[in-house]
Amino acid sequence: MTDQFDPDLRDVVQFHGHLCTGLTLGYRVAKIALKELNAERPHDEELVAVVENDSCAVDAIQFITGATFGKGNLIFRDYGKHVYTFYNRRTGRGVRISENYRGFENDSRFPELRKRQEAGEDVSRELEEFKMEKTAAILRADDKEFLTIEPASLPIPSPARIRASVRCAMCGERFMESRAKVAGGKSVCIPCFEKM
Ligand SMILES: [Zn+2]
Ligand SMILES: [Zn+2]
């Protein structure tokens, strides 16, 4: 199967650590986003990605688009959805891409394998085969066959601001002021607050 990979996907797999369905999905989503937004220079900070899950797919998105947490142009919204919105700050354009894959929807193998696994059977090989089949199908699918691609409906999130930091009254470590908790009239960090 490895032969049909283009070099980018190999690199993504190396970055992520393994090939999986989620990574493949993220890879395809990221490629489409770059094309849709004419952002071929992927490591520009002009690209902003809003991801609605923290699955394997997001690793591919970071690697391909160059949007990362550290740069502040990768924004995580914990909705548990395979929805990805990208913006090009330079052009102001945005695209929302959601996964809509029905290829395996009526496939009874997955629920059956899970049932056997729950009953204590070792189905890891069959499960792996099933996942690889799905991965290959996602790589082959036409864009429109498994994704809904539409203009972004929400405005571009505002750029990361420089925030003040303060020192925790308990552990003495610095933390972002906006994360401060107040305990006994003192300003403390979240881990210290949770230990109280
Ligand atoms: Zn993975
Ligand atoms: Zn602390």
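Visitor: Where is the place of Met170?
Guide: Happy to start there, with the reminder that this is a predicted model. As for its place in the chain, Met170 sits in the loop between strand E6 (165-167) and strand E7 (174-176).

Visitor: Which residues coordinate the zinc ion (ligand 2)?
Guide: Along the chain, the donors of this ion follow the spacing C-x2-C-x17-C-x2-C. Their SG atoms lie at 2.3 Å from the zinc ion (ligand 2), and the residues are Cys168, Cys171, Cys189 and Cys192.

Visitor: How many residues apart in sequence are the parts that Cys168 and Cys192 tie together?
Guide: Both cysteines are donors to the zinc ion (ligand 2). Cys168 lies in the loop between E6 and E7, while Cys192 belongs to helix H7 (residues 190-195), so the pair ties together parts separated in sequence by 24 residues.

Visitor: What arrangement do the four donor atoms make around the zinc ion (ligand 2)?
Guide: Good one for a geometry check! Four donors count as tetrahedral if all angles lie between 85 and 135 degrees. Around the zinc ion (ligand 2) the angles run from 100 to 117 degrees, so the arrangement is tetrahedral.

Visitor: And what is the arrangement around the zinc ion (ligand 1)?
Guide: Here the donors are His16 (NE2), His18 (NE2), Cys20 (SG) and Cys56 (SG), at 2.1 to 2.3 Å. Their angles span 90 to 136 degrees, and the tetrahedral class requires all angles to lie between 85 and 135 degrees. The arrangement is therefore irregular.

Visitor: Is Cys20 buried or exposed?
Guide: The cut-off for buried is under 20% relative accessible area. Cys20 has 13% relative accessibility, so the class is buried.

Visitor: Now the aromatic rings: is the pair of Tyr101 and Phe104 stacked or tilted?
Guide: Planes under 30 degrees apart count as stacked and over 60 as edge-to-face, with the rest tilted. The centres of the Tyr101 and Phe104 rings are 6.0 Å apart and their planes meet at 40 degrees, so this pair is tilted.

Visitor: What kind of aromatic pair do Tyr101 and Phe146 form?
Guide: The two ring centres are 6.2 Å apart, and the planes are at 90 degrees. Planes over 60 degrees apart fall into one class, and for Tyr101 and Phe146 that class is edge-to-face.

Visitor: Which residues do ring pairs link into a cluster?
Guide: Tyr101 is buried at 12% relative accessible area, and Phe146 is buried at 0%. Both belong to the cluster, whose members are Tyr101, Phe104, Phe110, Phe130 and Phe146.

Definitions and conventions:
Residues are numbered from 1 along each chain as its sequence is written. Chains are lettered from A and ligands numbered from 1 in the order in which they are written. This is a predicted model: local features need pLDDT of at least 70, side-chain atom pairs count only at pLDDT 80 or more; totals for chains, interfaces and linings use all residues. Side-chain values use heavy atoms; hydrogens and water are left out. Donors are N, O and S atoms within 2.8 Å of the metal (3.2 Å for Na, K and Ca); water is not among the atoms, so sites may look incomplete. Four donors count as tetrahedral if all angles lie between 85 and 135 degrees; four count as square planar and six as octahedral if opposite donors are over 155 degrees apart and all others between 65 and 115; anything else is irregular. Buried means under 20% relative accessible area, exposed over 50%, partly exposed in between (1.4 Å probe, protein chains only). Helices (H or I, at least four residues) and strands (E, at least two) are DSSP runs, numbered from the N terminus. Rings of Phe, Tyr and Trp (its six-membered ring) pair if their centres lie within 6.5 Å; planes under 30 degrees apart count as stacked, over 60 as edge-to-face and the rest as tilted.
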